[in-house]
Amino acid sequence: MCPGGGGGDGLPPPRRAVLRSLRQPGSDVAGGDGGGGGGEAREGELIDQALVLWLPGPRSFTGEDTVELHTHGSPAVVSATLEAL
């Protein structure tokens, strides 16, 4: 969901907010142009540009590894992000 970053696992550096493209799962490369045009989401289609924070445990609020996704708040973006997870 968020290729590139701080390590080989695609996560950003710990405790840093980075801008990432959130895409539909199933492809590391963008398959669409981001223009949905209704219907089913395509593999690699852009969902949103989001701030991503990686908070590794035990130094997170919960003590567990946590990733925060700060997306735009439209119902379509929130729904697509939750569906992709």
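The model is predicted, so local features need pLDDT of at least 70 and side-chain atom pairs count only at pLDDT 80 or more, while totals for chains, interfaces and linings use all residues. Residues are numbered from 1 along each chain as its sequence is written, and side-chain values use heavy atoms, with hydrogens and water left out. Three strands form an open antiparallel sheet in the order β1-β2-β3, and α1 lies across β1, β2 and β3.

**Sheet**

- Helices (H or I, at least four residues) and strands (E, at least two) are DSSP runs, numbered from the N terminus.
- β1 and β3 stand at the edges of the sheet, each with a single partner strand, so one side of each is left without a neighbour in the sheet.
- The twist averages 45° from one strand to the next; axes are lines fitted to C-alpha atoms, for helices over the stretch in contact, and angles run from 0 to 180 degrees between N-to-C directions.
- Two strands pair if DSSP finds at least two bridges between them.
- β1 and β2 pair over six bridges in the antiparallel sense; R20 has A50 of β2 as its bridge partner, and R23 stands opposite L46 in β2.
- β2 and β3 are joined in the antiparallel sense by five bridges; V52 has L69 of β3 as its bridge partner, and L51 stands opposite H70 in β3.
- Seven of the 10 residues of β2 are buried, which leaves this strand mostly covered (buried: under 20% relative accessible area; exposed: over 50%; partly exposed: in between; 1.4 Å probe, protein chains only).
- V18, R20 and L22 form the covered face of β1, and L19, S21 and R23 the uncovered one.

**Helix α1**

- V77, A80, T81 and A84 are the buried residues of α1.
- They are on the same side of α1 because they cover an arc of only 100° around the axis, the arc being that of the directions from the helix axis to the C-beta atoms.
- An α-helix has 3.6 residues a turn, so residues three or four places apart point the same way.
- These buried residues pack against β1 (18-23), β2 and β3 (66-70).
- On the face turned away from the buried side, α1 carries the exposed residues P75, L82 and E83.
- The helix runs at about 65° to β2.

**Core**

- The largest nonpolar core has five residues: L22, I47, A50, A80 and A84 (a nonpolar core is a set of buried Ala, Val, Leu, Ile, Met, Phe, Trp, Tyr and Cys residues joined through side-chain atoms within 4.5 Å).
- β2 and α1 (75-84) are the elements that give two or more residues to this core.
- In soluble globular proteins, nonpolar side chains tend to be buried together.
- Beyond its neighbours within four places in sequence, A50 is in contact (heavy atoms within 4.5 Å) with V18, L19, R20, L22, H70 and T71.

**Q49**

- Q49 is located in strand β2 (residues 46-55) and is partly exposed, with a relative accessible area of 33%.
- Its contacts, leaving aside neighbours within four places in sequence, are L19, R20, S21 and H72.
- The side chains of Q49 and S21 are joined by a polar contact of 2.6 Å. A polar contact is a pair of N or O atoms within 3.5 Å; within protein, one must be able to donate a hydrogen and the other to accept it, and residues adjacent in sequence count only if both atoms are side-chain atoms.
- Q49 and L22 lie 27 residues apart in sequence and 6.1 Å apart in space, C-alpha to C-alpha.
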